[in-house]
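I opened the model to look up a few backbone, strand and helix details. My entries follow in the order in which I checked them.

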Amino acid sequence: MTDWGVPAVVAAMSLLEIVLVAPDGAAAAIVLSLLSCLALVPRRRWPRLSTLVAGALTLFTPWFGPELDDLAAPIMVMAVVAYSLARWVPSYGGLLVLGALMVLLASDYLFTDERDNDVTDVFFVTSLLVPPYVLGRVTRRLAEQTAELERQQSLVREQAVRDERQRIARDLHDVIAHSVSAMVVQTAVAQELLHTDPAKAAEALDNVAATGRQALAETGRLLHLVRDNADELGLEPAPGLAQLPELVERFRVDGLAVDLRLADPVPELPAGVDVSAYRIVQEALTNALRYGADSHAEVTISWDSDTLRIRAANQVGRRTGQGSGLGLLGIAERVHVLGGQLDHGVTDGGRFEVDASLPMGAT
């Protein structure tokens with residue numbers, strides 16, 4: 001709505017002025033005014049081209065229609081142009097376009113304006129364009145600071161979650177250690193009483209079962225807080241290459257077009273290699289979904305007699321956010337523990353690639 005709203009208001013005011021003033025060349029002024037406002041609509045997406053076309057059409061008005069001092073509405077168009085160049089063009093690149101438009105404006109004064117002009121006219125026009133440009137820069141800076149603040153807050157929240165999960169993991173360790181110790185003691189008692197007092201041995205074994213059930217319940221409650229899936233008791237097997245098609249399908253549902261190249265049948269792998277390969281692909285696809293340019297990713301899994309190779313690639317996007325980098329650190333840690341090799345980075349073609357090699361015999 002905002003993309004159309006401002007140009008529509010400027011166009012309406014321009015048409016109203018032309019109708020009320022009725023200058024010579026009013027028809028040409030109407031056409032150029034409408035075209036210049038129309039050119040401003042995509043100013044967020046293509047700020048340089050949009051503002052250059054809009055400004056040029058506006059400054060061509062004295063060549064085909066009313067004289068330079070007949071209308072005031074073109075000043076509004078130039079104000080929107082100046083603001084847009086500051087708001088939507090990174091750094092100070094918009095000054096180049098604004099400078100080109102100033103040169104065109106100077107040609108209007110030189111060749112179409114019959115009045116005597118001097119340097120005060122330059123300062124007058126500059127004074128009209130500088131405030132909207134400064135406002136655009138301030139607005140852009142505030143937006144960048146807000147985005148950075150939100151990113152920092154997100155990182156703080158993520159760190160708080162990680163710290164809490166580490167505490168929960170320590171609690172989980174204590175629960176399991178205590179329960180296992182109790183079960184070992186009770187089992188030893190049952191073994192001693194098995195032949196002399198079977199009833200007490202059976203009671204001890206009942207206590208072992210009760211302790212195990214209690215430990216399982218406590219473990220389930222704790223894992224419910226730290227696991228990313230619904231298998232809170234950890235009864236499902238760890239995922240591996242065999243589950244990659246299901247993983248890819250979930251990402252496709254989320255809007256990421258994934259080209260998976262995985263030969264069939266999947267080789268038998270040590271558990272550590274299998275789950276690590278799955279997690280590496282999962283993290284690569286997560287990054288592609290968040291930061292990729294075209295919602296498309298490629299994943300290739302290949303192997304020979306002793307090495308499993310995982311390659312994932314996606315086109316780099318223009319988003320300023322690049323994430324915390326913790327996902328790549330996690331991948332690097334997995335590969336290091338297994339004795340593999342990892343390369344990742346942006347290629348000359350603008351693609352972000354992850355290339356991991358894992359020894360097939362790693363455990």
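I began with Ala22, which counts as exposed because its relative accessibility is 54% (buried means under 20% relative accessible area, exposed over 50%, partly exposed in between, with a 1.4 Å probe and protein chains only). I found Ala22 in the loop between α1 (2–21) and α2 (26–39), where helices (H or I, at least four residues) and strands (E, at least two) are DSSP runs numbered from the N terminus. Although Ala22 is not a glycine, I noted a positive phi of about 50 degrees for it.

I then turned to Ser91, another residue other than glycine with a positive phi, here near 55 degrees. Ser91 lies in the loop between α5 and α6 (94–111), and I recorded it as partly exposed, with a relative accessible area of 49%.

For my own record, this is a predicted model, in which local features need pLDDT of at least 70 and side-chain atom pairs count only at pLDDT 80 or more, while totals for chains, interfaces and linings use all residues. Residues are numbered from 1 along each chain as its sequence is written, and side-chain values use heavy atoms, with hydrogens and water left out.

Next I looked up how helix α3 (residues 47–59) lies against helix α5 (residues 73–88), and found that their axes come within 10 Å and cross at roughly 165 degrees (axes are lines fitted to C-alpha atoms, for helices over the stretch in contact, and angles run from 0 to 180 degrees between N-to-C directions). That angle makes α3 roughly antiparallel to α5, since angles over 145 degrees count as roughly antiparallel. The contact (heavy atoms within 4.5 Å) includes Pro47, Arg48 and Leu59 of α3 and Pro74, Met78 and Trp88 of α5. I sorted the residues of this contact into nine nonpolar, four polar and one charged (Ala, Val, Leu, Ile, Met, Phe, Trp, Tyr, Cys and Pro count as nonpolar, Asp, Glu, Lys and Arg as charged, and the others, Gly among them, as polar).

Last, I followed the strands, where two strands pair if DSSP finds at least two bridges between them. Strand β2 (residues 292–303) runs antiparallel to strand β3 (residues 307–316), to which eight bridges join it, and a hairpin of three residues connects β2 to β3. Within this pair I saw Thr300 opposite Arg311 in β3. Strand β3 is also joined by nine bridges to strand β5 (residues 351–359), again antiparallel, and there I noted Ala312 opposite Val354 in β5.

Conventions
Angles under 35 degrees count as roughly parallel, over 145 as roughly antiparallel, 65 to 115 as roughly perpendicular and the rest as oblique.
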